[in-house]
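Biologist: Before we use any labels for this protein, I would like to go through them one at a time. Could you set each label against its definition?

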Amino acid sequence: MATVLSRALKLPGKKSPDLGEYDPLTQADSDESEDDLVLNLQQKNGGVKNGKSPLGEAPEPDSDAEVAGAAKPHLSEVSTEGYPSEPLGDLEQKATSSLVSYVRTSVFLLTLVISMILVLVCAFLIPCPPRDLHSTWSRHLGPHRGGDLSPLELADVNGDGLRDVLLSFVTPKNESAVGVSRLAAVLVCLSGMNGSTLWSSPLPEEARDVTCLDLMPGSLGTTICLVTGTHKMLSAFNATSGKTIWTLNPKYLSNGTLAAPVVVLPDLDEDGVRDLVILAIGELQPDLCFLLVSGRTGNPLGRPVKYNIVGVGNLIGPQVYITTNRAVYILCGFGNIQAVALRDIFVQAQNRDSLPPSLQLEEPEWEKRRSNNLSELIDVYSDGVELLQMVKAPDSNCSDLLITTSQSLVLLRGQDLTPYWTLSLQGLHSQPTPGYFTDDPIVDFFLQVQDGAEMKKVMVVDGYSGSVTWSYSVPCHMKETPTTSAVTSDQKSVFLFWAEGLLAASLKSDGVSGTEPSNLHHLYLLHPAFPSILLDLANATDTVTASEVGINDLWKDAFYVTRTTGQSSEGHTAALVVSKLSLRWALMEGQMVQLKETTPKIGRGELRRFLSRIKFVDSPYKVNSF
């Protein structure tokens, strides 16, 4: 009896908290215990025990064996291998947990595989943005014949994010049988990336100006290039293909020739496209004639309108000015500046009193300056005007007027035409270049002034006070060299100008013979953070006739494009060369020219670290259009 009870209380693999710890030494491998185990295995989930009573029901204590059997554990607590078995609820939970873990792992691996496939697709199928790998290039366009006109324009015509180069020139064509060469004008578009020719179109005459813009602002319209000729040509070209969209019929200019580049106006005929105005001058009389032209078709919008503008000097304008009240005026004159309301020109051209909405406004301060109530001309400035520029006002929605005269530089307040300041200055013949040199948000001006024989003085004029804040005299044999500027991300400007080698000039002044040829000119850069240093970026022996600065928005870089012509000898034409220079690359490769000693001394390493952080952005001081 004791033996049976001991075997019942110490089943193999069972650990009972009531009967103490399991002792493997007491395990007995008997036939009786094996039979009991086999019988217990036949009962599952509350089945019949020994065919008599359900699971969990205590047997009648009519024998010692049955009493011992009552103390045996439940079926669910014993496994077939002699090890403890977990309850069925725990098994189901573990099975569910294992399934969830499997699903999670599968989803993660599937997501990872899909992500890798998408990365590979993006890497191989989606093209990367074009990088301006050709930071510097030079393109020889062959022989060039023509006047002093050197039109040069930058515009993105192929949609690659890089501005391309458009220019016009006159070149000799195939000689005729009698040995006389024929001159032909052509409009050429060069790729901004590598200088290759994108397209070219013949022109009936030499061009004086090329302007590329979108005549439908606010839309995804095609960029249009407007080309103004020296006589009677006005054409619009598709900037992408180079095909002619329309050409003004020369018969509308039968009594005159084009006197200036075309000017863009608001939409006058309400067809969704901005319109144009051209200024023609009579061949036998000094009358100026305005002709309104449709920007969509190139047809005149009414008849020509003549004005008898009296003056002595260079032709000024025409330029469009928009006042604070959004009234539109045309500025022009001979050695002076007079304004004509666009609404007056429109009324006379259309011979009607109704006006489009854009012309129903006027500026009271300007209207007060009419010479008399019947005059349509408004006197703006009349003192030997040579150049006129629009300058963006910092705290106004209109622009100011920068006027260059033979004796001074004047800045007029655009709202009421009163002077901000006047700087007495002689020998200024080139157009001032706007930029930011001082710490205020007001536009400053970079000037070139004649300073003796074969010398010029470059200076920066403060736009707020009109005082000279920086100046330096440099040698220069070229009569008029273009100057440009580029704006950096910290709202400063770098100024670029041409002069002879300053190092060679200093050697000559010390009595040492210089090794550079006299016709070699250098491109210098001035940064307001280092006013005692100039950077020598490049050099050229040809004459620089035009230059432009463009911005590569993707790489925050600026590029400098020049148009140069070689020295022409008798019977030979000059070579025309177009070059592009990356400014960020040139800044790191340029040579430092110390203008004067500073304390502490500026080291080359400090300068290079500063220049390496420069980023260029689009000019914020451009005058807003319509």
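Biologist: What makes Cys212 and Cys225 a disulfide?

Modeller: A disulfide is a pair of cysteine sulfur atoms within 2.5 Å, and the S to S distance of Cys212 and Cys225 is 2.2 Å, so the pair is called a disulfide. This is a predicted model, in which local features need pLDDT of at least 70 and side-chain atom pairs count only at pLDDT 80 or more, while totals for chains, interfaces and linings use all residues. Residues are numbered from 1 along each chain as its sequence is written, and side-chain values use heavy atoms, with hydrogens and water left out.

Biologist: Why is Cys212 called buried?

Modeller: Buried means under 20% relative accessible area, exposed over 50%, and partly exposed in between, with a 1.4 Å probe and protein chains only. Cys212 has 12% relative accessibility and therefore counts as buried, and Cys225, at 0%, is buried as well.

Biologist: How do you know that Arg163 forms a salt bridge with Asp618?

Modeller: A salt bridge is a side-chain nitrogen of Lys or Arg within 4 Å of a carboxyl oxygen of Asp or Glu, and the closest N and O atoms of Arg163 and Asp618 are 3.4 Å apart. The pair links distant parts of the chain, 455 residues apart.

Methods: Helix = DSSP H or I, 4+ residues; strand = E, 2+ residues; numbered from the N terminus.
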